[in-house]
Amino acid sequence: MITNDVLGDAVRNNAEWCQAMCHAHGLTGTFAPRAWTSGRRTPLYYPDAVTLTDDAGVEDVLPGIDRTTPGASVKDSFARLDLAAEGFRLLFEAQWIHRPAGPSDLPPTAGRRRVGTPEELAAWALAWSDGDADEAALFRPALLDDPATVVVGGYAADGRILGGAVLSVGDRVTGVSNLFTTGDTDPSYAWSAALAAAPADRPVVGYESGDDLTAALAAGFTATGPLRVWLDA
């Protein structure tokens, strides 16, 4: 049975990952009882606010973010808000996912290792972004100094990057995000690498949608609840 604690742990872990990414870009967000917010515009693809509880309201998120220009976003973690009246549009919907603690049943991933140098991170980020240098610049070397952030790569014998993911290791759960594969590599390869690198003594959480959600469920995850992301038009 999925409990509110399981979902709450996933939400909190994801907000902590957003905070870590902001720190890598010289930004500091704020944790309040019902929401995490950033008073300055966050890095590409990262929300300006994340609701932390299912009773969070508009008043908990909008006053703490920068709306002087279009493009601010809100992660509505429990799919409870309607921000259309505030000038936002629904950007996408997804499902939180959860996998119990314990070793993975997926076949071992050959060539898996932790990304440990700025040069390795730059190459990993280019593979993640499919060669888009502007998107790859999201992953700054400061992330490697964060003990809670583990960047995992899977490598072919000739050094090509076949896939990877980011792990956010918390006290209660480990979050997985930015999971990808390259070429014709099956998504199970990246899930196997991520789960093998995650601590086995705590659950693994995250969120996915569409085909990525299907791959996560095949890797042993369970969908635990919906989320929405709103974009300020």
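Trainee: How many aromatic pairs does the count come to?

Mentor: Keep in mind that this is a predicted model. Rings of Phe, Tyr and Trp pair up if their centres lie within 6.5 Å. By this rule, the number of aromatic pairs is six.

Trainee: Are the rings of W124 and F180 stacked or edge-to-face?

Mentor: A pair of aromatic rings is described by the distance of the centres and the angle of the planes. For W124 and F180 the centres are 5.3 Å apart and the planes sit at 80°. Planes over 60 degrees apart fall in one class, so W124 and F180 are edge-to-face.

Trainee: How many residues apart are W124 and F180, and which elements hold them?

Mentor: This pair links distant parts of the chain. W124 sits in helix α3 (residues 118–128), F180 sits in strand β9 (residues 174–181), and the gap between them is 56 residues.

Trainee: And are W124 and F180 buried or exposed?

Mentor: The cut-off to remember is that under 20% relative accessible area means buried. W124 and F180 share one label here, and for both of them it's buried.

Trainee: What is the distance between the ring centres of W128 and F139?

Mentor: Start with the angle: the planes of W128 and F139 are at 80°, so this pair is edge-to-face. W128 lies in helix α3 and F139 in the loop between α4 (133–136) and β7 (149–155), so the pair ties together parts 11 residues apart in sequence. As for the ring centres of W128 and F139, their separation is 4.9 Å.

Trainee: Which residues do ring pairs link into a cluster?

Mentor: Take the two pairs we've talked through, W124 with F180 and W128 with F139. Ring pairs join these residues into a cluster, whose members are W124, W128, F139 and F180.

Trainee: Switching to the backbone, what is phi of A79 near?

Mentor: Most residues other than glycine have a negative phi. A79 is in the loop between β4 (73–76) and β5 (88–99), and it is buried, with a relative accessible area of 15%. Its phi is positive, near 50°.

Trainee: Where is D130 found, and is it buried or exposed?

Mentor: D130 also has a positive phi, near 60°. It is found in the loop between α3 and α4. Over 50% relative accessible area is the cut-off, and D130 has 73%, so it is exposed.

Trainee: Which residues is Q19 in contact with, leaving aside its neighbours within four places in sequence?

Mentor: Q19 belongs to helix α1 (residues 4–24). Its relative accessibility is 11%, so Q19 counts as buried. Setting those sequence neighbours aside, the contacts of Q19 are T28, G29, F31 and W36.

Trainee: Stepping back, what is the radius of gyration of the protein?

Mentor: The secondary structure of the protein comes to six helices and 11 strands. For 233 residues the globule rule gives 17 Å, and the protein comes close to that, so it is as compact as a globular protein of that length. The radius of gyration itself is 17 Å.

Trainee: What share of the residues in the protein is buried?

Mentor: The cut-off is again under 20% relative accessible area. Out of the 233 residues in the protein, the buried share is 49%.

Key. Residues are numbered from 1 along each chain as its sequence is written. This is a predicted model: local features need pLDDT of at least 70, side-chain atom pairs count only at pLDDT 80 or more; totals for chains, interfaces and linings use all residues. Side-chain values use heavy atoms; hydrogens and water are left out. Helices (H or I, at least four residues) and strands (E, at least two) are DSSP runs, numbered from the N terminus. The radius of gyration is taken over C-alpha atoms; the globule rule is 2.2 Å times the number of residues to the power 0.38. Buried means under 20% relative accessible area, exposed over 50%, partly exposed in between (1.4 Å probe, protein chains only). Rings of Phe, Tyr and Trp (its six-membered ring) pair if their centres lie within 6.5 Å; planes under 30 degrees apart count as stacked, over 60 as edge-to-face and the rest as tilted. Contact means heavy atoms within 4.5 Å.
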